[in-house]
Amino acid sequence: MVRLYTNDLNIGYGERLIVKNLSVKIPDRKITTIIGSNGCGKSTLLKAITRIIPQQSGTIVLDGKNISKENTKILAKKMAILPQTPESASGLTVAELVSYGRFPYQKGFGRLTKKDVEVIDWALEVTGITDFKFRPVDALSGGQRQRVWIAMALAQETEIIFLDEPTTYLDMAHQLEVLELLQKLNIEQERTIVMVLHDLNQAARFADYLIALKDGQIIKAGDCEEVMTHDVLKKVFQIDAQIGRDPRTNKPMCITYNLLKGEKKNEKVAIPIYPAVSVNY
């Protein structure tokens with residue numbers, strides 16, 4: 001089942017086109033991960049799909065409707081996004097920040113209802129941060145802060161959550177903690193998760209569906225077996241990758257790689273020999 005898809009999407013900044021004629025389908029109730037080199041259009045695509053930035057042409061369709069014509073609050077009840085470097089006002093407590101996720105449901109003066117409070121407490125519990133409820137967000141570790149932002153997205157009660165590099169700046173343990181939480185939300189609550197990751201092995205381990213981008217176009221989209229291959233990684237990253245198996249998940253993983261950019265195999269390079277030059281001091 002597909003609720004969200006794009007047709008011939010073009011996105012750019014000024015005259016520079018970043019995403020070109022991109023048509024993609026996001027599987028419902030699955031984890032989709034977008035991979036690609038820096039500047040290939042991953043974040044730009046997420047921003048356009050969530051209507052943070054406009055597309056130049058093409059359509060983005062959710063539940064049969066063009067999102068460019070959808071009411072903002074209605075759209076905010078369907079999709080939530082955690083940006084690459086989220087920032088909050090200094091001094092906010094965890095509960096206060098998570099409460100911002102209830103904005104699409106607030107009316108009048110924006111006071112929290114009993115239902116809002118119940119949803120906020122539920123989001124704190126699901127993400128394992130109830131004990132931090134009244135702590136300042138600034139006082140938390142990087143992994144804990146990411147959980148707070150995810151809790152805010154959950155409080156928005158959307159079925160689709162977008163995350164732009166949710167593991168950035170986190171150590172290995174906190175990266176795994178965040179990704180396992182997202183996997184749990186997908187499995188237990190059937191949330192559709194769409195995220196950008198740089199780590200190929202994390203992408204393959206946690207994703208049901210991979211989208212490999214290069215220069216704003218899809219090189220390959222499919223399950224991990226289809227995308228995590230030597231040929232695809234060569235096209236996307238210009239690397240000569242050796243693919244093996246994760247002994248815990250049996251999913252494909254990149255064991256090691258060499259750079260291919262600028263290399264010409266089996267070609268001898270002539271090294272110029274310059275005549276000696278005498279220098280008088």
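**Exercise 1.** Find the angle and the axis distance at which helix 5 and helix 6 pack, and name the residues that meet.

*Solution.* Helix 5 (residues 142–155) packs against helix 6 (residues 172–189) at an angle of about 20 degrees, and their axes are 9 Å apart. Axes here are lines fitted to C-alpha atoms, for helices over the stretch in contact, with angles from 0 to 180 degrees between N-to-C directions. Helices are DSSP runs of H or I with at least four residues, and strands are runs of E with at least two, both numbered from the N terminus. The model is predicted: local features need pLDDT of at least 70, side-chain atom pairs count only at pLDDT 80 or more, and totals for chains, interfaces and linings use all residues. Residues are numbered from 1 along each chain as its sequence is written, and side-chain values use heavy atoms, without hydrogens and water.

Next, the orientation: helix 5 and helix 6 are therefore roughly parallel to each other (under 35 degrees; over 145 is roughly antiparallel, 65 to 115 roughly perpendicular, the rest oblique).

Last, the residues. Gly143, Gln146, Arg147, Ile150 and Leu154 of helix 5 meet His174, Glu177, Val178, Leu181, Leu182 and Leu185 of helix 6 (contact: heavy atoms within 4.5 Å). These residues divide into 6 nonpolar, 3 polar and 2 charged (nonpolar: Ala, Val, Leu, Ile, Met, Phe, Trp, Tyr, Cys and Pro; charged: Asp, Glu, Lys and Arg; polar: the others, Gly among them).

**Exercise 2.** Describe how helix 4 and helix 5 cross, and sort the contact residues.

*Solution.* The axes of helix 4 (residues 114–126) and helix 5 come within 9 Å and cross at roughly 140 degrees. Helix 4 and helix 5 are therefore oblique to each other. Val119, Trp122, Ala123 and Val126 of helix 4 make the contact with Ala151, Leu154 and Ala155 of helix 5. Sorted, the contact has 7 nonpolar, no polar and no charged residues.

**Exercise 3.** Locate Tyr209 and list the residues that Tyr209 touches.

*Solution.* Tyr209 is in strand 9 (residues 209–214). Not counting residues up to four places away in sequence, Tyr209 touches Lys25, Pro27, Ile31, Thr32, Thr33, Ala221, Gly222 and Asp223. Ile11 is 198 residues from Tyr209 in sequence, and the two are 23 Å apart in space, C-alpha to C-alpha.
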